[in-house]
Amino acid sequence: MGVADRGRPVLLVLDDLQWAGAETLDLFADLIERSFQRAVLVVGTYRDVEVPSRLRELLGRVARAEPVRVRLGGLPEEAVGELVRAVAHRPVTAETARAVRQRSGGNPFFVREIARLYAADGTAALSQVPDGVRDIVRRRLAALPPGARTVLRQAAVLGPVVDLDALAALTGDEDAVLDAVEAGAGAGFLAVDQRRPERVEFAHDLVHETLYGDLSALRRARLHAALGEILERLRPDAVEAIAHHLVSAGTRAPAARTADFATRAARRAEARGAPHEAARLWGAALDAYDRGRTEADDAAGARTDAYDTAGTGARTRERLTLLMGLVRNLAVTGALAEARRHRADALVAAEATGDPELTARVIGAFDVPGIWARNDDEPLSRRIVAAALRTLDALPDDASPGRRAVRCRLLSTVAMETRGSRTGIGADAAREAETLARAAMEEAPGAEEPAALLAFALNGRYLHTFHRAGLAPERARVGAELTDLAARHGLVPFEVLGHLMLLQAHSALAEFDRADAHAAAVDRLAERHGLPLVGVFTQWYGALRAAVAGRMEEAETASRAAARRMRGSGMSGMDGLLEAALECLAVQGGGGESGWGSDGESGAGADPRQAVPRDQLLEARLCLRARAALRGTDVPRDVLDALYRDLLPAAGELAGAGSGVLTLEPVAQYLGDLALALGRPATAATHYRQALALAERAGAPHWERTLLRRSATLDSQKP
């Protein structure tokens, strides 16, 4: 230390003191105890989970010098993200950084190991344990006493949070559990809340998953089965935990108990807005139920009473209840094709029983929100409507609350499954369902069941507000009521639906500040509750916003990306959106007529007298037909006049923006063009002024320029 003696300050750092030998530690202590002429800063680092006896002796020796002790925790989320980006050389979202922080506890080595996996495997790495991490955990575990190792592995079966009472019951030795917890905390495997010592959890996910993964499947199943029994005795209200252990035990757990607890846990998951968890649990309950029936049938052998009629009917009802719970949550989480397949099977099985009550329950159980006004599977929808109408006829209306609720769900289903139709059956069903639901709300305003009935009925009503143009204000009112109702009663899927309704309605009205707020709310709810398909709608909305602002290349790129994301989603009722969006972009650039709608979908390639599909693209299709008619020759005046009258109620809207997906210019611009062709220049001027006001409100300078030119041309033609 001659440099310090000569008057120059010195910084000396000794890293990983836990691995230092006795001579190095003695030198370190001598440096701390020695006096120097100038400042000397000595820094020693060590892992506090690996403190050998010689290092403890050093710490006691230097305590007289009153060193500053700084305990370093894990890296914060932002730093984790930066480290993953630096190691993986690929983008890292805030969600990914948060997941890595959760799994690693912020340990820099663990973060780097996950980052290396992330570089190769992407987000799949977030469910893996890197080999390097696994090796370190195993090495540290091997340093513990054998009894502690055994108890820690048993604790891993309990989950990330360790229930000490259950663990003591499992091992039969409370002292051994406490010894293992102390050893595990000292080794950095467990974290003990000092304010609540009974709360013990694994320090981070990687440790827990390594210990759990090192158990054989046979041992895990037996431990899960034992823990299911223990928790059922100690904490009978811990339904989710009991269900987890019974399901994880597989055939080691009794099928009936597994089905029961999985069903109860699934209902709780639905109630708290966790559809992925609910779908998994409904599926597990169904599997356990089927296993139980198989075991019972095998045990019954050839006994003639094994399949008595009453027993068979009861089994069918039980199984269909489980199946429809699965179907409902598969649909909410985006597995639409699988949900439709199971739903069709359930309908056939229910009607085969000849029991209208059961059929009504199966049909009404599918209270899944729907935003688009065209069905994904028209043949299935027709079958469901026919079955619902037959069931309504078969069930006498005895005016009881229960029967009214059944009728309300059946009528709402009819409304949902007839969206886009012209028969009037769906609209009538929607009105009656809403009346019944509002009556139920008046009788029990705070109850969840009437609120769910009204939410479903409002959805049906919304899907029948596309029979004519210009109904965005009505849809905004429905959306506002639904959003408020769903938020108050914890109906998360319907709350998301309400925000999407409002996004569409306010887009149509060029109220983009409001639409933006609802898009943000949708994304927040989707992230919080794991609703992957919802993001497709806000991605389409981003394309619409770019189009409104005149950023056509960006809008095209965003539209193509949204269409790719939607591919394979099962939302076949929205097929053709990309072609429609590209046509609308081309029209605004002076082109268009690319062929979208040659089958009658739009005006560009369709007979102007042909009926127009009634959905969110109604105004866009009518405007494209008007454009094609105005560009054509020998178009009868009555055709132009009919188009004008059809579009007039939407004069205050943007054409197509009510889809939340695509847009043309303001409807009033097309009305002005039609009025001019019909020889009504004064009316045309009024429409152009209205369109200009909408363009200004929307923040669309390219539309403003077009409308100013039209108005100037019209003014120049005045006598």
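1. The crossing of α22 with α24 is left-handed. In this predicted model, the two helices, α22 and α24, pack with their axes 11 Å apart and at an angle of about 25°. An angle under 35 degrees counts as roughly parallel, so α22 is roughly parallel to α24.

2. On the α22 side, the contact with α24 is made by Ala 455, Phe 456, Leu 458, Asn 459 and Tyr 462. The partners on α24 are Phe 494, Leu 497, Met 501 and Gln 504. By class, the contact of α22 with α24 has seven nonpolar and two polar residues, and no charged ones.

3. Helix α22 (residues 448–462) also meets helix α21 (residues 425–443): the axes come within 8 Å and cross at roughly 155°. Angles over 145 count as roughly antiparallel, which means that α21 is roughly antiparallel to α22. The crossing in which α21 passes α22 is left-handed.

4. From α21, the residues in contact with α22 are Ala 430, Ala 433, Glu 434, Ala 437, Arg 438, Ala 440 and Met 441. From α22 they are Pro 450, Ala 451, Leu 453, Leu 454, Ala 457, Leu 458, Gly 460 and Arg 461. This contact of α21 with α22 comprises eleven nonpolar, one polar and three charged residues. Leu 458 is listed in the contact with α21 and also in the contact with α24.

5. Another helix pair is α9 (residues 164–171) and α10 (residues 174–186), whose axes come within 8 Å and cross at roughly 125°. The angle makes α9 oblique to α10. The crossing of α9 and α10 is right-handed.

6. Leu 164, Leu 167, Ala 168 and Thr 171 of α9 make the contact with Glu 174, Val 177 and Val 181 of α10. The classes in the contact of α9 with α10 are five nonpolar, one polar and one charged.

7. Turning to pockets, the second largest pocket holds about 1,000 Å³ of space. It is lined by 38 residues, and the closest to its centre are Glu 270, Arg 328, Asp 367, Arg 409 and Glu 449. The lining of the second largest pocket divides into 20 nonpolar, eight polar and ten charged residues.

8. Which elements give two or more residues to the lining of the second largest pocket? They are α14 (255–271), α15 (275–300), α16 (309–332), α18 (356–364), α20 (401–417), α22 and α24 (492–508). The largest share of this lining comes from α16, with eight residues.

9. How many cavities of 30 Å³ or more does the structure hold? There are four. About 680 Å³ of space lies in the largest cavity. Of the 34 residues that line the largest cavity, Leu 336, Val 368, Pro 369, Gly 370 and Asp 376 lie nearest its centre.

10. At least two residues of the lining of the largest cavity are supplied by each of α16, α17 (336–352), α19 (378–394), α20, α24 and α26 (534–548). By class, the lining of the largest cavity has 22 nonpolar, five polar and seven charged residues.

How values were computed. Residues numbered from 1 in each chain as written. Predicted model: local features only at pLDDT ≥ 70, side-chain atom pairs only at ≥ 80, totals over all residues. Heavy atoms only, no water. Axes fitted to C-alpha atoms, helices over the stretch in contact; angles between N-to-C directions. Helix = DSSP H or I, 4+ residues; strand = E, 2+ residues; numbered from the N terminus. Parallel < 35°, antiparallel > 145°, perpendicular 65-115°, else oblique. Left-handed = near helix turned anticlockwise from the far one by under 90°. Contact = heavy atoms within 4.5 Å. Nonpolar A, V, L, I, M, F, W, Y, C, P; charged D, E, K, R; others polar. 1 Å grid on protein atoms, 1.4 Å probe; cavity = no way out; pocket = protein on both sides within 12 Å on 5 of 7 lines; lining within 4 Å. Points joined across faces, edges and corners; volume = space filled by probe spheres on them.
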